[in-house]
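Subject: Structure for you to look through

Hi,

Here is the structure I promised to pass on. Please open it beside this email and follow along.

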Amino acid sequence: AEPDVRLLTILAVGGMGKTRLAVEAAARQCEVLEHGVVFVYLAPLQSGSALAPALLEALELAPREGISARAQALDYLREKRLLLVLDNFEHLLGDAEGSHAASLVTELLQAAPGVKALATSRLPLGLPGEHRYHLAGMDFPSAERADSAPDTSAVKLFVQGARRGLPGFRLDGDDLRHVAAICRLPEGMPLGILLAAGWVGLLSPQEIAVQMRSQRDFLETELRDVPERQRSM
């Protein structure tokens, strides 16, 4: 919402909930900005040069003959007041054409003063004027303060995840202590907590905690509706 913030990057390792946070933040801008929010999903892209065509697709613009996708996107956005959400930008930073994607963002913000960009990435974009928000894990109970476990965000998320597979799941007796340990092991990472919660119904919280300590590849899922990048740690 700050007028002088044009580019904000949410930074974190995979599984911290960068996309979810970006979507929630963007939703609050839908009615504030005249032309709303445009979400650009970058994970499938193979090179930085693919950003401009992806941007046209997100804007629902048909390519025009005789004009590049880059020029067409800039021309369209010049007078707009909107928020661009650029999700998974790190996919465009690792190849030789990564500079194409970064320079397009810079050029766009210069040409369209009413446009802002909210990026999610594992790496900083490294652009002038970039503001960085480092996203850490959810608050989780310490071993010394197990009594506070039910009030922590991590334990609440575990319970929500567990009830998807076992609607009647409740934290009783020693289960609370083991769930607190489950949340501590991935240091509050939402993806790790939800993958662990997916085992409820097949394993007890104590058994889940034991498996997490002994097997590096335990936190995986084969659910078809989960993106490939979120199926394991």
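In which loop is the place of glutamate 187? Glutamate 187 sits in the loop between H6 and H7. Helices (H or I, at least four residues) and strands (E, at least two) are DSSP runs, numbered from the N terminus.

Two notes before the rest. This is a predicted model, in which local features need pLDDT of at least 70 and side-chain atom pairs count only at pLDDT 80 or more, while totals for chains, interfaces and linings use all residues. Residues are numbered from 1 along each chain as its sequence is written, and side-chain values use heavy atoms, with hydrogens and water left out.

**Loop residues**

Most residues other than glycine have a negative phi. Glutamate 187 is not a glycine, yet its phi is positive, about 55 degrees. Glutamate 187 is exposed, with a relative accessible area of 56%. Here buried means under 20% relative accessible area, exposed over 50%, and partly exposed in between (1.4 Å probe, protein chains only).

Asparagine 88 also has a positive phi, of about 70 degrees, and is not a glycine either. Find it in the loop between E3 and helix H4 (98–111). Asparagine 88 is buried, at 4% relative accessible area.

Now look at alanine 143, in the loop between strand E5 (130–134) and H5. Alanine 143 counts as exposed, at 54% relative accessibility.

Seven of the eight residues of helix H7 (residues 190–197) are buried, so H7 is largely enclosed by the rest of the structure. The buried ones are Pro190, Leu191, Gly192, Ile193, Leu195, Ala196 and Ala197. Their cover includes helix H5 (153–165), helix H6 (175–184) and helix H8 (205–214).

In helix H1 (residues 18–27), the buried residues are Lys18, Ala22 and Ala26. Seen down the axis of H1, they fall within an arc of 60 degrees, so they line one face of the helix. That arc is taken from the directions from the helix axis to the C-beta atoms. The buried residues of H1 pack against strands E1 (7–11), E2 (37–41), E3 (82–87) and E4 (115–121).

**Cores**

A nonpolar core is a set of buried Ala, Val, Leu, Ile, Met, Phe, Trp, Tyr and Cys residues joined through side-chain atoms within 4.5 Å. The largest has 34 residues, and Phe158, Ile182, Cys183, Ala196, Ile208 and Met212 touch the most other members. H1, E3, H5, H6, H7 and H8 each supply at least two residues of this core. H5 gives the most, with six. Apart from this core lies another, of 32 residues, among them Leu51, Leu86, Val115 and Leu125.

**A helix pair**

The axes of helix H2 (residues 51–58) and helix H3 (residues 69–77) come within 8 Å and cross at roughly 45 degrees. Axes are lines fitted to C-alpha atoms, for helices over the stretch in contact, and angles run from 0 to 180 degrees between N-to-C directions. That makes H2 oblique to H3. Angles under 35 degrees count as roughly parallel, over 145 as roughly antiparallel, 65 to 115 as roughly perpendicular, and the rest as oblique. Ala52, Pro53, Leu55 and Leu56 of H2 make the contact (heavy atoms within 4.5 Å) with Ala69, Arg70, Gln72, Ala73 and Leu77 of H3.

Best wishes
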